[in-house]
Amino acid sequence: MPASDDLYPPAQYGWGWILLAVAVLVVIALGAWLVIALTKPKRSLTIAGAPASAPLFVDVLGALRTDYLGRIQQIEDAYRSRNMDPHTANLELSRTVRAFVNEYSGLEAPVLSLDDLEHRGVHPALIDALRRHYYPSIFQRGRPIDPVAGAEAARKVVTSWH
């Protein structure tokens, strides 16, 4: 029997545990590589002299304007056919114009108040449309502003926004 002053050697781990740890590290590295490889955008092959498949920047903005002008026309048509009351039409026109500004320029117009937009110095057509057509119809009591005039103001914002 060993004396109480004798030292015991440290416990040794078997080779199986070391192999398991290395295997776990390899699986983690492989998983990370797989995530990167599957989420990386594919490179496109372009042939010299062939037309580019992506539309030009100007065409994208033109298509955005066309889309929003169509939405404005739908709101005006719904109002004229009595499927939408003036209050709702002006509310939808305000939402549409703000969404256009947000999508076109990245400005968070849908969540900014009129005062916030004025302080940021946005295009005067948007301020004018909000102040004269949408805010009075949405927030004030009484008869709402004619949505046909609001639709024209919305068109002005969409066509003149830079």
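**Entry 1: a pair in H2**

I started with Asp 67 and Arg 71, which both sit in helix H2, four residues apart, or about one turn of the helix. I looked at their side chains and found them meeting in a salt bridge, at 3.0 Å from N to O. Asp 67 is partly exposed, with a relative accessible area of 35%. Arg 71 is partly exposed as well, and its relative accessible area is 35%.

**Entry 2: the model itself**

A reminder to myself before going on: this is a predicted model. I looked up the confidence and got an average pLDDT of 86 for the chain, with 87% of the residues scoring at least 70. Among the elements, H2 has the lowest mean pLDDT, 89, while H6 has the highest, 93.

**Entry 3: the overall layout**

I counted secondary structure next, and the chain comes to six helices and zero strands. Read along the sequence, that gives the pattern α-α-α-α-α-α. Of the 162 residues, 27% count as buried. The chain exposes about 12100 Å², and carbon and sulfur atoms supply 62% of that area. I also checked contacts between residues at least 6 apart in sequence, and 62% of them join residues at least 24 apart.

**Entry 4**

Back in helix H2, I looked at Glu 76 and Arg 80, which are four residues apart, about one turn of the helix. They form a salt bridge, with the closest N and O atoms 2.9 Å apart. Is Glu 76 buried or exposed? Glu 76 is buried because its relative accessible area is 9%, and the cut-off for buried is under 20%. Arg 80, on the other hand, is exposed, at 52%.

I moved on to helix H5, where Arg 132 and Asp 128 are four residues apart and so separated by about one helical turn. Their salt bridge has its closest N and O atoms 3.7 Å apart. Asp 128 is partly exposed, with a relative accessible area of 28%. I also looked for salt bridges that share partners, and these join Glu 76, Arg 80, Glu 152 and Arg 155 into one network.

**Entry 5: Asp 77**

I went back to H2, residues 57-80, for Asp 77. Its side chain makes a polar contact with the side chain of Gln 73, at 2.8 Å. Asp 77 is partly exposed, with a relative accessible area of 39%. I also took the C-alpha to C-alpha distance from Asp 77 to Ala 89: the two are 9.9 Å apart in space and 12 residues apart in sequence.

**Entry 6: the nonpolar core**

Which residues touch the most other members of the largest nonpolar core? Of its 31 residues, I find Phe 100, Val 101, Leu 117, Leu 126, Tyr 134, Val 157 and Trp 161. The elements giving two or more residues to this core are H2, H3 (86-105), H4 (114-119), H5 (124-139) and H6 (147-160). H5 supplies the largest share, seven residues.

I followed up on Leu 117 and listed what it touches, leaving out residues up to four places away in sequence. The list is Arg 98, Leu 107, Ala 109, Leu 112, Val 122, Leu 126, Ile 127 and Leu 130.

Definitions and conventions: Residues are numbered from 1 along each chain as its sequence is written. This is a predicted model: local features need pLDDT of at least 70, side-chain atom pairs count only at pLDDT 80 or more; totals for chains, interfaces and linings use all residues. Side-chain values use heavy atoms; hydrogens and water are left out. Buried means under 20% relative accessible area, exposed over 50%, partly exposed in between (1.4 Å probe, protein chains only). A polar contact is a pair of N or O atoms within 3.5 Å; within protein, one must be able to donate a hydrogen and the other to accept it, and residues adjacent in sequence count only if both atoms are side-chain atoms. A nonpolar core is a set of buried Ala, Val, Leu, Ile, Met, Phe, Trp, Tyr and Cys residues joined through side-chain atoms within 4.5 Å. Contact means heavy atoms within 4.5 Å. pLDDT is the predictor's confidence in each residue, from 0 to 100. Accessible areas come from the Shrake-Rupley method with a 1.4 Å probe; for residues, only the protein chains shown count as cover. A salt bridge is a side-chain nitrogen of Lys or Arg within 4 Å of a carboxyl oxygen of Asp or Glu.
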